[in-house]
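Open the model in your viewer and get ready to select by chain and residue number. We will go stop by stop.

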Amino acid sequence: MSTVKATRPLGPPSRLRRRFKPVKLVSFITLLLTTFLMLLPLFFMVSTSLKSKREMLKFPPTFLPESWAWSNYTDIFETLQFGTLYKNSLIIAGFSVFGTLLSSALVAYGFARYRGRGNNFWFILLLSTMMLPYPAIMIPQFVLFSKMQWIDTFLPLIVPAFFGSAYNIFLLRQFFSTLPEELFDAGRMDGCGELRMWRTIALPLSAPALATVAIFAFIYSWNDLLTPVLYLSSSDKFTLPVGMASLTSSRFRIPPWHLLMVASVLAMVPIVTLFAIAQKQFVEGIVLTGIK
Amino acid sequence: MKNMMKSKRYALLLATALTVSSVLAGCGGGKSAGNVAASDSGAGNTGDPGKQVTISHYTIDSEDRTFIEKLIPDFEKTHPNIKVKVEKAPYEQFDSKLQTLIAGGNSPDVTSHYGYGGFAEYYNKDMLLDLTDLIKEDGFKAQDYNIPENLMKIYTVNGHTYGIPVNMYVTLMLYNKDMFDAAGVSYPPSDYEDKSWTFDHMVEDAKKMTIVSDDIAKTQYGVDFTWAERDMRPLYFGAEPYSEDTWTNGGVPSETHFDSPEVIAAYQKLFDLVFKEKVSPTSEWSKSVAGQNGDPFVAGKIGMSIGGSWNLAGANDFPFKIGVAAVPWGGNDKVRSTLFVDPLLILKDSKHPKEAFEWIKYLMTTEVQEKSIELSGGNPPVNTEAAEVYYKHFDGIDPGDVKKVYEGAVKYGYESYNHLITNYSQINDMFINELQPVETGHKTLEEVMPVIQKKVSEIIKR
């Protein structure tokens, strides 16, 4: 704020400044209120995660915990084998992101840079797979993976990611098509192979798009509940969403909301981290493309 | 040009190789798990290849259901040729996983109707194994396991038995002793034969405890009457919405009477608790106090709550003193309680029905049933001998009261419709949706019930 003041004397006369101020103030307050409203559920999540089981049942709910039950954060590891679930989810999400990036970027590169017979036909066919809802392929896919004896392994959750996904391919293709042809011509003149051009020219220039795809793939895999439920059966292979759904599974008991909130807080960490990292990529990406 | 084509082809090849190799790399993590699935398909590859057999028990992933895992080691010791594997899913996904497992040729051997679908639905979809021959061959007798004969009949259709009852939940009344004390009202009786304990008596008591205030923190209600699923509630007042033949032919009623004056009058009496007598909370109020699937009774805002006996299982956590009482008499001399009897079922696609039956018998023995009460945190057994242990399970509640309430509820009990009527999950969803405007006071029963009647008959015909 002080720097603004310092530069002001060079700006418009003070009368004008005063006329604009209320508008600015109103928008500032509006923003502040909206932020507050947005953060409220998040606040209650953290606050509930620190309440005792008895306090969680209270109505009206307390704003801040009366007694801070920090032990909830260690209890969760005992009630849910939280560590195992977390590790499983990370492994599956990690491979899924890697697989999605690799396959989608490769296919998208092909669609963006080569013209061939039936090019459009294949692309439309690819896009039309987006219209198939998961339940429609659920059972045939299950039969397939069950014949391959992949039931109760991570494979059905990881391998499909290595075969691309229509939406991500579409997204990346659009981005790859905007890259100037001259760059690739220059690469070709220097004797660069196609795969090397993909790796050293197309990929580094597409950081923002790749970051977006990585976030999508991570969130999709991290939140997925139905596929792990279908394919995993032993508790030491369950993922975080399955474990969390099981916390509210009993029809006969009060769900341990406080522990569920602990799990939610901890489950948020990788997504927030990834977003923070990817956001840096976004900004860098914009800077890079700006130079061109 | 030719060169380029070539390099393109190489690129493609390389890409394929890369993908395949990364797939293989991905395998590393879960490879060891592959063996588990393999043993599912028959004699399997574990231990001696001659006789050993693996059966799977599919259940809900919650402590009160997965406790059976702790019983497996003892069972496997006495039955060295049988291995038991527990498969599980969260409650909400229970049905869809089961359907997929069966469709995918990976049917579990033993399960129960723990999801939304009920016995009749399984029966009509031809998912269940007829146990009659197994029972005959084995010489299984219900009385050896202290299972009351009338409970065995629930899962018998046309003389064929399809399930062995294992747990029995009844309807009971829980009451908040602190609230009764504060209002100076005497506690309700646990004896079902006490003729003074009527629906009207309950309403009078509830009026004394109800406080409706602008301050939501001070508001409290006398009674919350959630007796059974919505379509079953008229039965409490003696009105029968489904025709008699429903119970003998596998759950397909030939007629329903949801628009009859008796049924409408019965619903009216229940909604009067909310809108006329004002002793019960509206559904919006309940949700705002206790959240989507919460219960305002647990928050200490309700004096008396009529519901399933599973509510007892959480009793030790309630922040107030609690008692159990009989469900008051509502005008039906025969029925005052709903029974929710969970059976153990063998699925039709089971590859080892005999071994599965051995496992079921083991779960039914008095010793295991008694053990299960503690392990599950209070699942009520059907075994009448083990039930004595169950009555003593709850801290601060008189075992004598629990016993009286249970025995009365069984005597005046009726098996829950959700186990006995086909396509029940659809009927239930429809009821929740259609009755919503009545619950919020936007429509009358006279407007809604003919619609419900029409929709029920459509669903049943599916």
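**Stop 1: Confidence in chain A**

Confidence in chain A is lowest in helix 1 (residues 2-7) of chain A, with a mean of 44, and highest in helix 8 of chain A, at 96. Helices (H or I, at least four residues) and strands (E, at least two) are DSSP runs, numbered from the N terminus. This is a predicted model: local features need pLDDT of at least 70, side-chain atom pairs count only at pLDDT 80 or more, and totals for chains, interfaces and linings use all residues. Residues are numbered from 1 along each chain as its sequence is written, chains are lettered from A and ligands numbered from 1 in the order in which they are written, and side-chain values use heavy atoms, with hydrogens and water left out.

Across chain A, pLDDT averages 87, and 89% of the residues score at least 70. Now select residues 1-9 of chain A. Here pLDDT stays under 50. The model has two contacts (heavy atoms within 4.5 Å) beyond four places in sequence for this stretch.

**Stop 2: A loop in chain A**

Select the loop between helix 7 and helix 8 (155-158) of chain A, where Gln149(A) lies. Most residues other than glycine have a negative phi. Gln149(A) counts as partly exposed because its relative accessibility is 38%. The cut-offs: buried means under 20% relative accessible area, exposed over 50%, partly exposed in between (1.4 Å probe, protein chains only).

Stay in this loop and pick Asp152(A). Asp152(A) is not a glycine, yet has a positive phi of about 65 degrees. With a relative accessible area of 1%, Asp152(A) is buried.

Show the side chain of Lys237(A) too. Asp152(A) and Lys237(A) form a salt bridge, with the closest N and O atoms 3.7 Å apart. The rule asks for a side-chain nitrogen of Lys or Arg within 4 Å of a carboxyl oxygen of Asp or Glu. The pair links distant parts of the chain, 85 residues apart, with Lys237(A) in the loop between helix 13 and helix 14 (240-247) of chain A. Both Asp152(A) and Lys237(A) are buried.

Next, select Arg113(A), Glu181(A), Asp185(A), Arg188(A) and Glu194(A). A network of salt bridges links these residues.

**Stop 3: Where the chains meet**

Show both chains. In contact are 60 residues of chain B and 43 residues of chain A. Between them the chains bury about 4600 Å², 66% of it on carbon and sulfur atoms. Buried area is the accessible area (1.4 Å probe) that two parts lose on being put together, summed over both.

How many salt bridges does the rule find across the interface of chain B and chain A? It finds zero. On the chain B side, helix 1 of chain B gives the most, with 13 residues.

**Stop 4: Helix 5 of chain B**

Select residues 94-103 of chain B, which are helix 5. The helix is mostly covered, with seven of its ten residues buried. Among the buried residues are Phe94(B), Leu98(B) and Ile102(B). The buried residues of this helix pack against elements of both chains, including helix 7 (134-147) of chain A and strand 2 of chain B. Just after the helix, find Gly105(B), with a positive phi of about 75 degrees.

**Stop 5: Two salt bridges in chain B**

Pick Glu69(B) and Lys88(B). Their side chains meet in a salt bridge (2.9 Å, N to O). Glu69(B) sits in the loop between helix 3 and helix 4 (72-78) of chain B, and Lys88(B) in strand 2 of chain B. Buried or partly exposed: which is Glu69(B)? Glu69(B) is partly exposed, at 31%, whereas Lys88(B) is buried, at 3%.

Move to Lys125(B) and Glu121(B). Their closest N and O atoms are 3.8 Å apart, in a salt bridge. Lys125(B) is partly exposed at 43%; Glu121(B) is buried at 10%.

**Stop 6: Thr366(B)**

Last, select Thr366(B), in helix 14 (residues 366-376) of chain B. Thr366(B) counts as buried because its relative accessibility is 17%. Its side chain makes polar contacts with the side chains of Asn146(B), at 3.3 Å, and Asn383(B), at 3.1 Å. A polar contact is a pair of N or O atoms within 3.5 Å; within protein, one must be able to donate a hydrogen and the other to accept it, and residues adjacent in sequence count only if both atoms are side-chain atoms.

Terms used. pLDDT is the predictor's confidence in each residue, from 0 to 100.
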